[in-house]
Structure formats: structure tokens, C-alpha cells
Amino acid sequence: MNKKRRYFGWLVPCIILTVTVAASPVFAQQPTADEINAVAKNLSCPTCTGINVADCPTETCAQWRAKIGELLAEGKSEQEILDYFAARYGDHVLQVPPKRGFFVLVWALPVIALLFGLAWLAYLMRGWAIRRAPVTVESVHGDQAPRGVSGQLSDDASLEDGYLKRVQQDLEKLS
Amino acid sequence: MNLTEQVQTETTSPRRRTVWLLVALGLVLAFVAVLAFGLRPKTSTVLQGRPAPDFELTAFNGEFNGQRFSLQDMRGQIVVLNFWASWCVECDKEMPLLEQAWNDYRDQGVWLIGVDYLDIDSEGLAYLDRFGTTYPNGPDIGSRIFQDYQCTGVPETFFIDREGMIQHVQIGPLTQPQLYGLLDRLLAAETEG
């Protein structure tokens, strides 16, 4: 009985000590430079142009990388860290613009431009198709006139009929 | 399609094409206008003589730690709003002057408010400690104050009179004669008024 009490008397403080030490920030796993840079490359240097925080040599970005390290050590995910920086410093610090507010335009404009481009192309192609459409003899004479192999106005017919020749010339002028 | 229809299509298409061209041109012009508006040069000096945008800032240093400051609440006081950052080398020059001015003018109804721009809080606080800064300073959450005041960088300082009008915008570090001269002028204007 005494032995058991002594055994438990030691066990409980040992468990408490182990849990406390394990939970201490000193023993928390420190993120590597690669882990920090993986997050930092998604943030823009706030004081330079076109450089991400991972590649930037300025003092500001060094501070930001240290902060990213702190947040990673606290167990924050990449998205949580990016959200923190966006909330703290503004959306413009994100390399990939968020899909909200004014930044929606950044995502929507290329799609709108593409749709307009396709519509414009379709319109142009329709115009070309009309212009290149063969003039068939039945357009003028119905089934009575002779047809060429391709259905186009045959040389013989156009030569024989002065009226058709004029029509042909008019159509050429229009195109 | 018979010939009549074809000829009609041919004769009406140029008109339709013109309409389409005008629509496309209009869209391109609208896009360029939006871009030009977004990229127009902005400078804080345009705010001189205009009402100061309202702001809210929660101080993070010294005796003011956790206290909320808004321009609206400070109406009737002279406010010197200074933008700085711990990574800003030029800010070093004016930090001692601002603290000195705070000690010399706080009893005359002058508030000095420091806005820590794009900074890590711990770095900002260490910077304030380095200069023994005691006037209220706080982080610019979301860089909103910086944007509202159309700042171009740090340091920048706005001198706001008791009516909430921006009387002077200083881009770059202040000198002591300049700082004291501006504060004296603002206080004198009040006495004359």
C-alpha cells in the first residue's frame, strides 16, 4: 500500500512536468527557412515593387519573415498567416489578389475581355462567310440555269448572260 | 439565301459593323478611363486646406496602451498626425523632436498621434522605446489611415487645426524650427480667431 502511494506520488508530478515542458514554446518546433519562405513568397514586399517577401532583402521583409516564423511556430496554417497579414496591412500585400471588393475586377476583367473577343471573332467570321458564300445560279434563275461542279456560277453561264455578268461585277464591288 | 437577301445583308452589315465598332471603342475607352483613374498620381499635399479624413487608432504604447483615438473625438484640439515605421531610417531624425514637441505643447491642447505603418508591432514598440516616445502611437490596421490620407511614404506629418482642417502636410522628416513654427502658427491662429 505504502509502495503504491509512493509510486503514484512520483508519477503525478512527472506527468505534469512532461506536459508542461512539451507545451512550452521553447520546445515548440521551430519552422525552417524553407517553410517560412513558402509562406513569404505569397506576400508582396510592402515597400518595394514586384518582389515577394521571401526574395526581398529589405529590413521590412526580414521582420515579416520573422513574424511568419513566429506564427508558424504557433501552429498557424499558411492561409491563416496570409489572412493575418491581409487584415493587418491590407489586401494589397497579397501576391494573389483576393476574390473580394475591388480585386474582383482583376479576376473578372480577363474573362469579360475573352468573351468580348470571342463574340467579336464570331462576328468577323460570320462576315467573312457571307462574303465568300458562292453565288449560285438558282439564286437568280432558280433551277433553270446550269450549275458548275461546285455550284458556283459557271463560266459559260456568266458569259452567255449579260445580266448575270453585271450581278457578278456588282457582288465583287460589294465584297 | 436568295440574291435579294444576300445583297440586303451586304448593304446593312457596314452599318451594324459601325455600331459594333463604336461599342468596342466605348468599352476600350471606359477601361482606359478606369485605369487612368486608378493610376492617377496621388499625393497627400492635395489634402492641404481640406477637411482631414476621420480616423480611428488604438494606441499600443505606454500610458495610452489600448486607448482608442479618433479625429472626431479630438475635434477642438490641434492634432499632429505623424506616419512612421521602425524600418524607416529618415524617421529617426524626427522622433526625438516629436517627443520634445509633445512635452512642450501637450498642455496647450496639442495632440501628437503616431501612426505605425506596415510594421510588426514588436518592432514598432522597440523603436518607440529606443526614442523614449510617450505620446500615443498605434498600428495602422489594414493601412486604412495611410490610404485615406493619400500618403506616399514615411515619414509624413499632417497638421490639423481645431476645426479639423489640414493646415500643412510635411513629406519627409521635420526640423525643429519647422515643427515649432507650425505649431506656434496654429496656436496663434486660434488666439486671433
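How much area do chain A and chain B bury between them, and what percentage of it is on carbon and sulfur atoms? I looked this up in a predicted model, in which local features need pLDDT of at least 70 and side-chain atom pairs count only at pLDDT 80 or more, while totals for chains, interfaces and linings use all residues. Residues are numbered from 1 along each chain as its sequence is written, and side-chain values use heavy atoms, without hydrogens and water.

Entry on area. I find about 2,500 Å² buried between the two chains, 63% of it on carbon and sulfur atoms; buried area is the accessible area (1.4 Å probe) that two parts lose on being put together, summed over both. A:Gln63, A:Arg88 and A:Tyr123 supply 25% of the area that chain A buries against chain B, more than any other three residues.

Entry on contacts. I note 26 residues of chain A in contact with 26 residues of chain B (contact: heavy atoms within 4.5 Å).

Entry on the salt bridge. I looked for salt bridges (a side-chain nitrogen of Lys or Arg within 4 Å of a carboxyl oxygen of Asp or Glu) and the count between chain A and chain B is one. The side chains of A:Arg88 and B:Asp121 form it, at 2.7 Å from N to O. On the side of chain A that touches chain B, helix 5 gives the most, with seven residues (helices are DSSP runs of H or I, at least four residues, numbered from the N terminus).

Entry on B:Phe83. Leaving aside neighbours within four places in sequence, I find B:Phe83 in contact with residues including B:Val115, B:Tyr149 and B:Phe158.

Terms used. Chains lettered and ligands numbered in written order. Helix = DSSP H or I, 4+ residues; strand = E, 2+ residues; numbered from the N terminus.
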